[in-house]
Amino acid sequence: MATIRKRKNGSFEIKVSCGYGVDGRQRNQYKSYYPEPDMTPKQIEKEVNRQAVLFEEECKKGQITSAVKFEIFAEQWFEEYASINLRATSLTKMRQMTKRVYPVIGHKRLDKITSRDIQKLVTDMLIYGKNKNTGKPLSRKTAVHHLNFISDIFNYAIRMGMLTDNPCSRVYLPKVEQTEKEIYTMEEVKKLFDNLPNEPLWFQVYLTLAIYSGFRRSEMLGLEWKDVDFKHNTIRIRRTSQYTHDKGIFTDTTKTKKSQRISKFPDEVMQLIQRFKQEQKNGSEKIGTKWEEHDRLFTKWNGAPMYPETPYKWLDKYCNKINIPFRGIHSLRHLHASLLIYEGIDVVAVSGDMGHSVVGTTLNLYSHMFQEARARNCEAISNALRYVKESNTEEDSLTEGNKETEDDELEEENLGMTMG
């Protein structure tokens, strides 16, 4: 049954219920009707009722289900799919993307949005878009995220039988040269460790563990003491600690199943963590009932999970103090990967250590490092062959020298016989 609602601007919204989806939620389709300026109220009433009947029939036939506006359908997608299947952090990021997407195509019908509409949105983002925090132009990565968000909406419409084509598939994104990741040099790493004993113990553990493990910040903050095995010198990643404005700090699953992994550490790292555990225990006993028991390694003063920005701010302050560039908290993870690659660890092992779901991710992120490693392999082969050649040359020289010695001795022997 169609329902009709008159809007303040004089137009009418026609809503038709299309039953319930597999998730048990009601599905509705909408259509707007705009009366002609010279129509009488009676004519308008008659026509809007006629439009409602026609629209209801078309919905039943499945011929005009795509007549819904993008913003309305996107909100249905958030409710019916995204809120159920996506992580809270991903959901928050996509909600932020609507601020740029809705003003441009939110008012347009799904079946009227073309590839050119989306292309213009993406291109304008790259040319005119600005990051509100830094004031810098938006990156290609940001444009890709927005395009993927729009594409997800259209793919959902296709699965629901509302459309047969995704206009995002023909949108062009200019390629950009992949810049090398900013990584701390070995001289800078030495300064990081040399000055570390002067810092709070929790920060000593965080920085040391981040470099030795390559764990993501969310994985580090999600560590609990039950994950640390002092007997076997291992630490297991099982969860992450996340933050959104709506939910605050909360525990979440790892990024992928392969992100759940076990890493082994040297004795000196585990001894540092053991000292930290004892310090935390003493601190909890000191404040008594104010201590919140969450079993986390990295906490606030009262045992509550640490705020995600805390390690970032501390590293920034620490780098300024010891006079080295601050390259971001994630650069510690890149440093770990670069050290593995430099030591000749193969890509599959590096991928597993980093917790990537597929090896291709590792290759894409660190392609230039693997290229440098392959170049060193070539040098190693050249050095090895050079050694072989030099060894052969020395043997030939030695053989020549022995032959000359034998000839000299034979000549002296013959000379002696003649004189005798």
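A helix axis here is a line fitted to C-alpha atoms over the stretch in contact, and the angle between two axes is taken between their N-to-C directions. With that in hand, let's walk through this predicted model.

First, the overall layout. The chain contains 14 helices and 8 strands. Of its 420 residues, 40% count as buried. Among contacts between residues at least 6 apart in sequence, 60% join residues at least 24 apart.

Now find helix α3, residues 88–105, and helix α5, residues 140–159. Their axes come within 10 Å and cross at roughly 75 degrees. Angles of 65 to 115 degrees count as roughly perpendicular, so α3 is roughly perpendicular to α5. Which residues of α3 and α5 meet? From α3 come M94, M97, T98, R100, V101 and I105, and from α5 come T142, H145, H146, F149, I150 and D152.

Next, move along to helix α6, residues 186–194, whose buried residues are E188, V189 and L192. Why do these sit on the same side of α6? They cover an arc of only 100 degrees around the axis, which puts them on one and the same side of the helix. As background, an α-helix has 3.6 residues a turn, so residues three or four places apart point the same way. Look to the other side of α6 and you will find E187 and K190 exposed. The buried residues, in turn, pack against α7 (201–213), α10 (309–321) and α11 (331–342).

In soluble globular proteins, nonpolar side chains tend to be buried together. The largest nonpolar core in this model has 45 residues, and L207, I273, F298 and L315 touch the most other members. At least two residues of this core come from each of α6, α7, α8 (217–221), α9 (267–287), α10, α11 and α12 (347–354). Helix α7 gives the most, with 9 residues.

Leaving aside its neighbours within four places in sequence, F298 is in contact with W202, V205, Y206, M220, L221, F276, P305 and M306. Apart from this core lies another, of 33 residues, and W77, V101, I118 and L121 are among them.

Conventions
Residues are numbered from 1 along each chain as its sequence is written. This is a predicted model: local features need pLDDT of at least 70, side-chain atom pairs count only at pLDDT 80 or more; totals for chains, interfaces and linings use all residues. Side-chain values use heavy atoms; hydrogens and water are left out. Axes are lines fitted to C-alpha atoms, for helices over the stretch in contact, and angles run from 0 to 180 degrees between N-to-C directions. Helices (H or I, at least four residues) and strands (E, at least two) are DSSP runs, numbered from the N terminus. Angles under 35 degrees count as roughly parallel, over 145 as roughly antiparallel, 65 to 115 as roughly perpendicular and the rest as oblique. Contact means heavy atoms within 4.5 Å. Buried means under 20% relative accessible area, exposed over 50%, partly exposed in between (1.4 Å probe, protein chains only). The arc is that of the directions from the helix axis to the C-beta atoms. A nonpolar core is a set of buried Ala, Val, Leu, Ile, Met, Phe, Trp, Tyr and Cys residues joined through side-chain atoms within 4.5 Å.
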